[in-house]
Amino acid sequence: MKRCKVRDMNLYYRVGAERDLGTPAANGNPAANGGAGAAPTVNVRIDGRPIAVPEGTSVMRAAGLAGASVPRLCATEDLAAFGSCRLCLVAIEGRKGYPASCTTLVEEGMVVHTQTPRLAELRRNVMELYISDHPLDCLTCAANGDCELQDMAGAVGLRTVRYGYDGAHHLDKPKDESAPYFSFDPAKCIVCSRCVRACEEQQGTYALTINGRGFESEVIASQNEAFIDSECVSCGACVKACPTATLIEKSVIEQGQPESAVVTTCAYCGVGCSFRAEMQGDQLVRMVPNRDGHANHGHSCVKGRFAFGYATHGDRITTPLVRNSIEDEWRPVGWDEAIRTAAERLKAIQARYGRKSIGGVTSSRCTNEEVYVVQKFIRAAAGNNNVDTCARVCHSPTGYGLKTTLGESSGTQNFDSVMQADVIVVIGANPTEAHPVFASAMKRRLRQGAGLIVVDPRAIDLVQSPHVRADHHLQLKPGANVAIINALAHTVIDEGLEDEAFIRARCDMAAYRIWRAFISEARNSPEATAEATGVPAAQVRAAARLYAQAGNGAIYYGLGVTEHSQGSTMVMGIANLAMATGNLGRPGVGVNPLRGQNNVQGACDMGSFPHELAGYRHLSDESTRRLFEAEWQVALDVEPGYRIPNMFDAAIDGEFKGLYVQGEDFAQSDPDTQHVYAALSAMECVIVQDLFLNETAKFAHIFLPGCSFLEKDGTFTNAERRISPVRKVIDPLAGMDEWDITCRLSTAMGYQMHYAHPSEIMDEIARLTPTFRGVSYAKLAELGSIQWPCRDEASAGTPLMHVDQFVRGKGYFAPTPYVPTEERANARYPLLLTTGRVLSQYNVGAQTRRTDTVAYHSEDQLEIHPADAEVRGIVDGSWVGLKSRAGETVLRAAVTERVLPGVLYTTFHHPESGANVITTDNSDWATNCPEYKVTAVQAYPVSKPSQWQEMFRRFTATQQQLSEQALSEV
Amino acid sequence: MSVEAFVPADFTACALGADEVAAAVAVAPGVEVRRTGSRGLYWLEPLVEVATDAGRIGFGPLDAASASALFGDGPPDAGHPRCLGLVEELPWLKAQSRLTMARVGVIEPLSVAQYKAHGGFQGLDRARALTSAAIVETVTEAGLRGRGGAAFPTGIKWRTVLEAEGDPKYIVCNADEGDSGTFADRMIMESDPFSLIEGMLIAGLAVGADCGYIYCRAEYPLAIDTLAAAIRLAEGAGYLNDFRLELRKGAGAYICGEETSLLESLEGKRGVIRYRPPLPAIKGLFGQPTVVNNVISLASVPAILARGSDHYRSFGVGRSTGTLTVQLAGNVRRGGLFEVPFGKPLRWVVEDLGGGTASGRPIKAVQAGGPLGAYIPPRHFDTALDYESFQAIDAMIGHGGLVVFDEAADLGALARYAFEFCAEESCGKCTPCRIGAVRGVEVVDRIRRGEAAADNRVLLRDLCRTMIDGSLCGLGGMAPLPVLSVMAHFADEL
Amino acid sequence: MRDDAIVEAARGIVERLGALEGALLPILHAVQDEFGYLPPACVPVIAKGLNLSRAEVQGVISFYPLFRAKPPGRRVVAICRAEACQAMGGAALEAHAKSALGIGFGETSADGEVTLEPVYCLGNCACPPSVTVDGVLHARVDAQRFDELIGR
Amino acid sequence: MTVDSAKLVRMAEQIAANLAYTDDVPLVAARVADHLNRFWDPRMRHALVEIANGEADRLSPVLKAAVARLRGIIGEPAA
């Protein structure tokens, strides 16, 4: 019965073409409907059919809703009406001429005719003009079958072009194929400006323009340069918007038009964009952002849109591999042997070193269901709580800090909420690089006039970029976060800007009084903290006033908050500030962590921390534990297990010997690489489940080939708690579902785990987790996505948290003393290094480096201020040695004023960069989240790679040799 | 005691040598040269006026040599054989009803004192005593219609802005006078700039705007310099304490004379047409309620306020009240500006005031209303110069420019030029204009070459109708009008 | 002129005028007044100063005929092509000018001396044909007068 | 866990420092102990207790007081 249901769902999600009503809904803004009141209704008659639509609806949209499709070329639902193509003209009784239906809004009693003989003639004559300057190569055109110009020529009945084809034209213009994923063929351009408008309105980059005017009008990138050299960020919005083959995916040029589509969820960042994976049979042709996607509303970034080639890259391992030691060659084996070997080795280790000598790590890249079964495997089959998730190294402080203050380990808002923010505060986050689709929404709101405060050591793009300028950039020194959040809160109290009514009604007053006394202390004033932060007190006070008096103040933060020795303190400081100013519990406000990976929220929700079960319930909670014990039929250890860094320490100590790693690459991503290497080398059985033989796999004994997101059914939970379906587009290349690998391993270890389909795993999660109670695959199919908490079957989810009261009841003000990090600059290490990401690459780069996005970012570079560069004799593009207390590496210099003197910055997408060779083992006091964002270093010119890099190259070469046979057999 | 001699410093007058004449006169004994604007009697320029007890007497046209000779022994008197007599009594001035242009050519443009002495700022004083609604009412009652070409009732536009929600509101003066055959705006800006400033201040009071922009085309350098100086003087005299007025320069785009394109340009963007609605009155400059009026419209306002709506309405006919600043141009004997009441016959203006063609050959056609206006054949010369009568013959008055052509004119070539101009100046937004104009040139060429002429005439007519019905703005929508007029009235030339 | 000098000058102009509402056209005019054209190197500076993209600035420059992407000749001669001038032999004057200078509209003579540009109405329609030389207006210009004006 | 007991002490002291918003040592110690009980693997708590028993001078007064409040170790000891 259940299986039957599952099959139905598979049918359900193979979807047809996207509907396009030509103009956006009446509120004009796809992301502006959170909480907006319903517009009054207007009654009109279109082609004899009466229809009622919201005030502000275009005649074109109303016609579409009434079932009358008006021909159009420049109009699309994703963009504001433009009125240039003049195909959508209609006749309106009582009006002169022929108004464009896209730009004309409905009025009460309006009577519209979309088809009359004169309109037919007019449209045909306009189309005749278009075609008089268009190549006649429809049959061999890449857009053949998916060309709106072709469709419209058909729709208006164009049969002849009386102007002939020897007039002025643009047919000889050369193609621009410089961009890695799409080509630009100006000969086919109809100058509808959809690409330009998409770049402006949707993406907010403004990289395209119309050059010249009149007949000479042409679309260009930046100053008429190749796309690859221009301001274009390759988000693909222009490609999606283009009605012809002018801007088209190279994959479509090569493969032809897709014939079916599956709606799924992107596996890159925490925005969780919904995509249509468009297919030819079982071949993926392209990924197109889904207009109905609740997180992205039809928008995308370069990674989700284009960088999926890694899924079929030649480096993919599709056969399980086994070896005895890391000096041995890998041996390809069948699944049964691999699972049996893994289980035997883990059992042997437990027998020899004790039950707690093994553990597992879940990946935020994997689905909720996959994560869930891994933590269940460790707790139930391995019988301990040594399970952690890679969120440990990114957002564990968010979980701790928000749980403590607000009562729930999650962001408070939906993404659309930003459209109602009056002042946006971005702290330690770089949305345009790391959360680009949400950044586009944010920039849209900023263009509408919202204020902006950026708290960051570096001048990120949001500080100043086209049509965006921060009102305040609090350019603090790395490590001074808590000092500045305290100074902001101090100002609020000091200047009487707190929201007393909110605090009284919603917060724990005893805790508030303690906090108020603490924060009012002079040491927390902007004046007293100015030396530590490097930010002038007046600027801090001005920013505090702007936020506190905003109306709606919304805080967005990222790893620049969490990845510090005081990450958890800072998260609580942010929550305190929001509570003190009443900025919680309604649209447009809130405290919003921007999650790095696609399923950070989900991996945390699933109970893969060593101290808690799904839904953030501590192991010590008797009733919760009982619930799981009853469902799983096993006794659970009541004590917390090891966190990832504890595991490494224990491994070096000799008491932790076996590790099951699900899609996580410690050897590149975790700090203090040499320490990680030592820990991995000390273990007897490292099982890596991944797509590629990654850095960690070089230390592994068993390799279990995983599935790319295209190969799985499951769910991801994005940064706004939105559970979205991930759907199998192609079958697993290695022939095994990832959740099934874990289940088989568990069963082989002696604990039976059997599911027919991931939907059954979700059903179990829903049974055990109050916040997921109403979640099911059937409901996801119906609603598209669901934001937890979804406490019962009737609920459609919860976009906004803490609306009437905080999850913990009363909001808790936690005192947040500023304790400077021990990682301090001194004479030997006078500079502070901080790290971040770039748009085109993704974290460790395992995926993106195996795609054509490398064209945008082929190496990590070290940003250094001109003053620091000059005194060291470092010039732009030269090699720089970088030495910290932990290690030494070499990077190429990028001399820039984006960073302050004394501060260095780099990205960490390429393993050979060794960014983590120099990061230290310092970590957040509460959660052990590593302090990636502050490392004291010295920089100096060098001419050759570091010792570590030499070692890395040798080691990599050796490991490559050891895997060659396995790879050649695959 | 020296005698005042008035020498125009107007753009055209200077092109005809007024500066050299002024220099020659300045060295004459007993003469004090004052540089005024031009009266608009350009066939008499450089026209030097000499003050006498009876009034100013005129001498012209002069050049440096004749001026030196004339003024060699001191200022000439009315008895001099070259004297044209009292300027005000010249028949071409006598026949006019100068309301808007009353001070043009009379005063020194940058003299606040002279401006006031000749009735300036009286309208503003009156407006200050009225409520906003009462000012709007006065302008509405006067029946003033936009002189830029669209002829929309100014009072109604102002009322819309007055009633629109928004702060700030803007007054934008469209000084992008780009129609061939027109120069009235230029003359106001060069010769009586304070009247424009006063008009804008009154408009500001009328709608509750405290900020204004004048967008002047870059092809008018003298107007720009004069206005810039006038704004500084008005500031100095305290007229701009409560009103920020800025002058902005266009950059050669004819389309920026269309109000939405002009607003885009003022915002620092490509001068691309915006669709309407929303009207600029509701969502104009930077999305705020905005009055956009032409120079002459705004410069007409002070006189309406000063002398009352009834006085203004006593000129003109029907719904075309007040006066029209006719600009006679092209192949015409007496080219210049004539402010006359609406309703006068076209023939009277062209033949009586204008004196026929400069070449002496018969008039073949008059193009009225700029490059988008129809070519009117002599058989329609009895049409009255008012909006409705012109509409009845498929023509338009536009900004009041009349370009005269003699028999040598090739109207087929002029029809081609209409498309060529449209192609040259199209903003490129809408398809009928962007591609249609180029195809129009090509089709006309084919017809003129005799290729499938009958089919191509059908196609041409289709194209014209497509552009008229399909274009986003007046450029594409009206560029076919001269073409259709040629097809209608000069069929054998196209 | 070297790019860094252009950048420096453009930065000064942006600082001076950047606070105006809709400052882009005034800034472009000022830069063109400085250099005689709009060097590509000034575009990033202007874009950054006004919070625009380079594309936007380029789009605006390319829209307006008076903004030049290349340096003009030592003298700029503009001939009015509009109807009033055509009524008095404008087309013949245009043809004469092109053949006398050996260049078309938008071109600069080989010796870099003269750039010939079309203009559409100078407001001198009562005394056509009209020509400007470096912005100075001349009325009733015929072929002979044109030759005098360009000194040939 | 014996290797790197210095790191263990450092982590514990960080917890103490970050919870020490007041001079009230018993209060802070109680919070530190609660944190260690909730989040630290018992083997790590055990190691800390051993340090406190053997080399108490290595611990700050607050941490010493906190260690005294650590919950009894449940589960099997490290091998």
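A polar contact is a pair of N or O atoms within 3.5 Å; within protein, one must be able to donate a hydrogen and the other to accept it, and residues adjacent in sequence count only if both atoms are side-chain atoms. Between chain B and chain C, 22 residue pairs are in polar contact, both at pLDDT 80 or more. Welcome to a predicted model, where local features need pLDDT of at least 70, side-chain atom pairs count only at pLDDT 80 or more, and totals for chains, interfaces and linings use all residues. Residues are numbered from 1 along each chain as its sequence is written, chains are lettered from A in the order in which they are written, and side-chain values use heavy atoms, with hydrogens and water left out.

**Extent of the interface**
- Chain B brings 61 residues to the contact and chain C brings 37 residues (heavy atoms within 4.5 Å).
- About 3,500 Å² is buried between chain B and chain C, with 59% coming from carbon and sulfur atoms (accessible area, 1.4 Å probe, that two parts lose on being put together, summed over both).
- Of the area that chain B buries against chain C, 17% comes from A251(B), R270(B) and Y417(B), more than from any other three residues.

**Charged pairs**
- Two salt bridges link chain B and chain C (a side-chain nitrogen of Lys or Arg within 4 Å of a carboxyl oxygen of Asp or Glu).
- R244(B) and E21(C) form a salt bridge through their side chains, at 3.1 Å from N to O.

**Chain C domains**
- Chain C has domain 1 (3–63) and domain 2 (75–150), with bounds from an automatic or database domain assignment.
- The centres of these two domains of chain C, taken over C-alpha atoms, are 30 Å apart.
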